[in-house]
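Welcome! Take a moment to look it over, and then read on.

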Amino acid sequence: MPVTVLLVDDEPLVRAGLRAVLEAQPDISVAGEAADGAAVIPLVRQLRPDVVAMDVRMPLMDGIEATRAVLRTIQDPPKILVVTTFENDEYVYEALRAGADGFLLKRSRPAEIVHAVRLVAEGESLLFPAAVRALAAEYGSSPARAAMERAALTEREAAVLRLMARGLSNAEIATRLVVGTETVKTHVSAVLAKLGARDRTQAVIAAYESGFVTPR
């Protein structure tokens, strides 16, 4: 089954460009389009896409609020890929904090766009560029540090979280640590549970905000 994508952007040319790139792939299909975040909920319910490619800045409802709305109201929600013009935009970081699963620049090459959609759909690695890592570190706080201390990660769980923060997939982490992929999945699940994180993105944000991981 192909990965289905809902395109959400107030610029028709951007949507057309993304559609052309994605539909050229045999394993990706564009299920629909929306010009504003306010239209996302009914379309997600109707189309059940695997991924929503979500612009951050839109006139009626921006990508941050639309992301929150999807995760709050949709059972088994789609993955959300933030699409934006500027990589150091604090709106992007707020969207990731709200629960978005990845990040894509509008000026990305076609191969990068396709890779981003596939990566987010798989859900086992992150699109977390250096500029966003720096923003996460700037949001560091005592509550974040205290929460990380309370999590009391084991040595192996800590190693897995550090590699997650570098964007490695489960298979890549398994290779690096010389363990099986299922073992890595078990450690990832434990990390998420201890941090109270919904997904990998939230766990990595917690790692940067607490200072457990620092930008390189």
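This is a predicted model: local features need pLDDT of at least 70, side-chain atom pairs count only at pLDDT 80 or more; totals for chains, interfaces and linings use all residues.

## Ground rules

Helices (H or I, at least four residues) and strands (E, at least two) are DSSP runs, numbered from the N terminus.

Residues are numbered from 1 along each chain as its sequence is written, and side-chain values use heavy atoms, with hydrogens and water left out.

## The sheet

Let us begin with the strands. Two strands pair if DSSP finds at least two bridges between them. Here 5 strands make up an open sheet with parallel pairing, in the order β2-β1-β3-β4-β5. At the edges are β2 (28–34) and β5 (102–105), each of which pairs on one side only. From one strand to the next, the twist averages 25 degrees.

Strand β1 covers residues 3–8 and pairs with β2 in the parallel sense over 6 bridges. One place to look is L7, whose bridge partner in β2 is E33. Is β1 mostly covered or uncovered? It is mostly covered, with 6 of its 6 residues buried; buried means under 20% relative accessible area, exposed over 50%, and partly exposed in between (1.4 Å probe, protein chains only). Both faces take part: V3, V5 and L7 are buried on one side, and T4, L6 and V8 on the other.

## Helices around the sheet

Contact means heavy atoms within 4.5 Å; axes are lines fitted to C-alpha atoms, for helices over the stretch in contact, and angles run from 0 to 180 degrees between N-to-C directions. Helix α2 (residues 40–47) lies across β1, β2 and β3 (51–55), and runs at about 160 degrees to β1. Helix α3 (residues 63–73) also packs on the sheet, where it touches β3 and β4 (79–84), and its direction makes about 155 degrees with that of β3.

Elsewhere, helix α1 (residues 12–23) packs with helix α5 (residues 110–122) at an angle of about 75 degrees, their axes being 10 Å apart. The two helices α1 and α5 are therefore roughly perpendicular to each other (angles under 35 degrees count as roughly parallel, over 145 as roughly antiparallel, 65 to 115 as roughly perpendicular and the rest as oblique). On the α1 side the contact is made by L18, V21 and L22, and on the α5 side by P110, I113, V114 and V117. By class, this contact has 7 nonpolar, no polar and no charged residues. In this classification, Ala, Val, Leu, Ile, Met, Phe, Trp, Tyr, Cys and Pro count as nonpolar, Asp, Glu, Lys and Arg as charged, and the others, Gly among them, as polar.

## The nonpolar cores

In soluble globular proteins, nonpolar side chains tend to be buried together. A nonpolar core is a set of buried Ala, Val, Leu, Ile, Met, Phe, Trp, Tyr and Cys residues joined through side-chain atoms within 4.5 Å. The largest one in this model has 52 residues, and those with the most contacts inside it are V8, M54, L161, M164, I173, L195 and A203. Apart from it lies another core, of 19 residues, including L22, A53, V114 and A116.

What does I173 touch, not counting residues up to four places away in sequence? I173 touches V160, L163, M164, L168, V184 and R200.

## Residues worth a visit

V70 lies in helix α3 and counts as buried, at 1% relative accessibility. Leaving aside its neighbours within four places in sequence, V70 is in contact with V40, I41, P77, P78 and I80. P77 counts as partly exposed, at 28% relative accessibility. In the loop between α3 and β4 you will also find D76, which is exposed at 63% relative accessibility. D76 has a positive phi of about 55 degrees although it is not a glycine.

R48 also has a positive phi, near 50 degrees, and is a residue other than glycine. It sits in the loop between α2 and β3 and is partly exposed, with a relative accessible area of 40%. Finally, Q202 lies in helix α11 (residues 200–209) and is buried, with a relative accessible area of 17%.
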